[in-house]
Protein chains: 2
Amino acid sequence: MRIAVLQANAVPGQVDTNVARIAGAARRAAEGGAHLLVTPELFTTGYVPALVPRTLLQTSPEAIVRRLADVASSCGIALVASAPDRGPDGELFIAAHLFDRAGARLATYRKTHLYGPDEAAVFTQGRGELPIAALHGFRIGLLICYDIEFPEAVRGVALAGADLVCAPTALPEPFGVVARTLPPARALESQVFIAYANHCGQEGDTVLCGQSIIAAPDGSVLAAAGAAGEDLLFADLDPELQRASRADNRYLSERRPDLYAAWERPARAG
Amino acid sequence: MRIAVLQANAVPGQVDTNVARIAGAARRAAEGGAHLLVTPELFTTGYVPALVPRTLLQTSPEAIVRRLADVASSCGIALVASAPDRGPDGELFIAAHLFDRAGARLATYRKTHLYGPDEAAVFTQGRGELPIAALHGFRIGLLICYDIEFPEAVRGVALAGADLVCAPTALPEPFGVVARTLPPARALESQVFIAYANHCGQEGDTVLCGQSIIAAPDGSVLAAAGAAGEDLLFADLDPELQRASRADNRYLSERRPDLYAAWERPARAG
C-alpha cells in the first residue's frame with residue numbers, strides 16, 4: 001500500500017478553505033499513486049480549540065463528515081481526517097475519521113489524551129475505544145497527537161491488531177523533539193507503521209512545528225518533512241518488511257502484562 | 001551528579017580480566033569527576049550465556065559481588081555492574097547491582113525480559129521487583145538490556161520514583177537502531193535520565209554493537225559512543241533540567257491507567 005501524509009497550514013474557523021486544502025492534497029496524493037491520505041489534527045476547523053464551538057455554529061460535525069466523504073469519493077482515495085465530533089449529551093470530542101475511496105466511513109476514533117487546558121476547556125476525553133479497519137490488506141488504527149506520546153496508546157492499538165497507526169497531529173513549537181524521537185520509537189517497539197501528520201506555520205497564537213513523519217516497524221524513517229513549509233510525503237508500506245521485523249523483534253509476544261499491571265500500583269498509591 | 005558509562009569488550013569466562021577492566025574504567029571515571037560508573041550487562045563474566053555455568057564453577061556470584069564492592073570502595077566511585085545472581089532454589093538470574101562509593105550494595109535488580117533462547121536456556125526471568133536507591137540526590141533505578149526495549153519497564157521504574165535509570169546492556173548487531181532510537185524515547189516519555197552501557201567487539205559468536213548512550217528527560221542525547229571501539233562517556237545530570245522537563249511534559253501524571261488495563265484484554269483473549 002502506498003500512503004501519503006499531508007503537512008499543511010489550516011485557517012482557523014474557515015472550514016471551506018481547509019476542506020478545499022484537504023481535497024487538493026487528496027488529488028495530488030491520488031495522482032501520486034497513494035491509496036490513503038493522512039491529514040493533521042482538527043485540520044478541518046483549524047487547530048484553535050477555543051474557536052471550535054463558534055465554528056460549529058456555522059456548520060456541524062455531521063456536515064464536515066459528509067464533505068470529507070465527498071473528498072474521498074471524488075478523488076478516489078481513502079482518507080484519514082480529523083474534526084470535532086459530538087457525543088450523545090452534546091459534549092465535543094476531537095475525532096479522527098477513516099473513509100475508504102468510495103467515501104464510506106470505516107472508523108471514528110475519539111482522542112483519549114487531551115493536551116493542555118485549551119483542549120480540556122472545549123473537549124471531552126474519549127472513552128478508549130480503539131477501532132480497527134481493514135484497507136488494502138492492512139489493519140488500520142487511529143490515534144491523535146498527544147495520544148501517540150504515550151507508548152501505552154500505540155501498544156493498545158497494536159494489541160488490537162493494527163499494522164498501521166494513523167495519527168493526525170497538532171504539535172507546536174518548541175516540541176519538535178517529540179516528532180523526531182517518538183514516532184520511530186513507537187513504530188519499532190510496537191511493530192507497526194506510523195503515519196504522523198502535523199500542521200506547519202501559525203494558527204491563532206500557536207506555531208506548529210511540522211516534521212511530519214512516516215516510520216516503519218524496523219525503526220526506519222520512510223519519509224520526513226521539515227519544520228516549516230507544506231509538504232506531501234509518500235511511502236510504500238511493505239507487508240514483508242513488517243513480517244520480517246516481527247520475526248526479529250518479538251516485543252508484542254514477549255511482554256509481561258501481569259508485571260505491568262503490578263507496576264501501576266506505586267502510582268495509584270502515590 | 002556526573003556519571004560515566006563504560007563501553008568495552010569483555011573476555012568470556014575471564015572474570016579476573018573483566019573485573020580489572022571495570023576497575024580501570026572506575027579509576028578513570030573517578031579521575032574525571034564522575035560520581036557513578038555504569039558498565040555493560042554480564043560484563044564480569046563476558047556476554048556468552050552458555051559459558052556462565054562453567055564460569056561459576058571457578059567463582060561464585062557472591063565472590064563477584066565482593067570484588068565489585070572492592071572496585072567501588074578502592075576507586076571511591078559508585079558503580080552499576082552486572083553479574084549472574086543465584087536464587088534460593090539454585091536458579092540463575094541476570095542481575096545488575098548498584099554499589100555506593102564505600103562499596104555498600106544499595107540495590108540488586110534481576111532482569112525481567114530475557115532475550116532469546118540462549119539466555120532462556122541458562123537464566124530464569126526476574127519476578128519484577130524494581131528497587132530504587134538514592135545517591136547524590138538522585139533516585140536510581142535499574143533495568144537490563146532487553147527490558148529497556150519495553151516502554152512498560154521504564155515506565156514502571158519511573159512510576160516507582162526513579163530519576164535515573166541505569167541499563168547494563170549487551171545489544172548485538174544488527175540491532176543498532178535499538179540503541180539509537182529507544183533510549184532517548186524512553187527518557188523523554190518517562191521523564192528520566194537513561195544511562196545505557198553496551199559492549200563492543202566480539203564475545204563468543206556474538207558481535208556487540210556499541211552505541212552506548214546517555215539521554216535526558218527532554219529527549220536530548222547528552223553523550224553517545226560509536227558502534228565499534230571502547231569508550232568512556234561522561235555527562236552531568238542536571239536536576240533543574242529534569243524539573244523543567246517534567247513541567248513541560250506531564251506524561252507521568254496524564255496517563256490513563258484504567259484504559260491501559262482495558263487495552264490489555266485483546267492480547268489476552270487472542
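This is a predicted model: local features need pLDDT of at least 70, side-chain atom pairs count only at pLDDT 80 or more; totals for chains, interfaces and linings use all residues.

A: Strand S6 covers residues 132–135 of chain B and runs antiparallel to S7(B), to which four bridges join it. Within this pairing, B:Ile132 stands opposite B:Gly141 of S7(B).

S7(B) also pairs with strand S8 (residues 164–168) of chain B, here in the parallel sense and over three bridges. In that pairing, B:Ile140 has B:Leu164 of S8(B) as its bridge partner. S7(B) spans residues 138–142, and because four of its five residues are buried, the strand is largely enclosed by the rest of the structure.

The buried residues run from A:Pro151 to A:Leu159 and include the charged side chains of A:Glu152 and A:Arg155. Just after H5(A), A:Gly161 takes a positive phi of about 115°. A:Glu152 also takes part in a network of salt bridges that links it with A:Glu264, B:Arg155 and B:Arg255.

The contact takes 47 residues from chain B and 47 residues from chain A. The area buried between the two chains is about 3,800 Å², and carbon and sulfur atoms give 58% of it. The polar part of the interface comprises 22 residue pairs in polar contact, both residues being at pLDDT 80 or more. Helices H5 (151–159), H6 (176–190), H8 (257–263) and H9 (265–269) of chain B each supply at least two residues of the side that touches chain A. The largest share of that side, nine residues, comes from H6(B). By class, the side of chain B that touches chain A has 23 nonpolar, nine polar and 15 charged residues. Eight salt bridges are counted between chain B and chain A. One salt bridge joins the side chains of B:Glu189 and A:Arg186, at 2.8 Å from N to O.

Over all chains, the whole structure holds 28 salt bridges. A:Glu91 and A:Arg127 form a salt bridge in which the closest N and O atoms are 3.3 Å apart. A:Glu91 lies in the loop between S3 and S4 of chain A, and A:Arg127 in the loop between helix H4 (116–122) and strand S6 (132–135) of chain A, so the pair ties together parts that are 36 residues apart in sequence. The two partners have relative accessible areas of 13% for A:Glu91, which is buried, and 49% for A:Arg127, which is partly exposed. A polar atom of the A:Glu91 side chain also lies 2.9 Å from the backbone nitrogen of A:Asp89. Beyond its neighbours within four places in sequence, A:Glu91 is in contact with A:Asp85, A:Arg86, A:Thr124 and A:Arg127.

Strand S4 (residues 92–99) of chain A contains A:Ile94. A:Ile94 counts as buried, at 0% relative accessibility. Leaving aside neighbours within four places in sequence, its contacts include A:Leu42, A:Tyr109, A:Leu114, A:Phe123 and A:Ile144.

In chain B, the side chains of B:Arg67 and B:Asp16 meet at 2.8 Å, N to O. B:Arg67 lies in helix H3 (residues 61–75) and B:Asp16 in helix H1 (residues 15–31) of chain B, so this pair ties together parts that are 51 residues apart in sequence. B:Arg67 counts as partly exposed at 29% relative accessibility, while B:Asp16 counts as exposed at 52%. In chain A, A:Arg243 and A:Glu240 meet in a salt bridge at 3.2 Å, N to O. Because these residues are three apart in helix H7 (residues 239–248) of chain A, about one helical turn separates them. A:Arg243 is exposed at 54% relative accessibility, and A:Glu240 is partly exposed at 41%.

Conventions: Residues are numbered from 1 along each chain as its sequence is written. Chains are lettered from A and ligands numbered from 1 in the order in which they are written. Side-chain values use heavy atoms; hydrogens and water are left out. Contact means heavy atoms within 4.5 Å. Buried area is the accessible area (1.4 Å probe) that two parts lose on being put together, summed over both. A salt bridge is a side-chain nitrogen of Lys or Arg within 4 Å of a carboxyl oxygen of Asp or Glu. A polar contact is a pair of N or O atoms within 3.5 Å; within protein, one must be able to donate a hydrogen and the other to accept it, and residues adjacent in sequence count only if both atoms are side-chain atoms. Buried means under 20% relative accessible area, exposed over 50%, partly exposed in between (1.4 Å probe, protein chains only). Two strands pair if DSSP finds at least two bridges between them.
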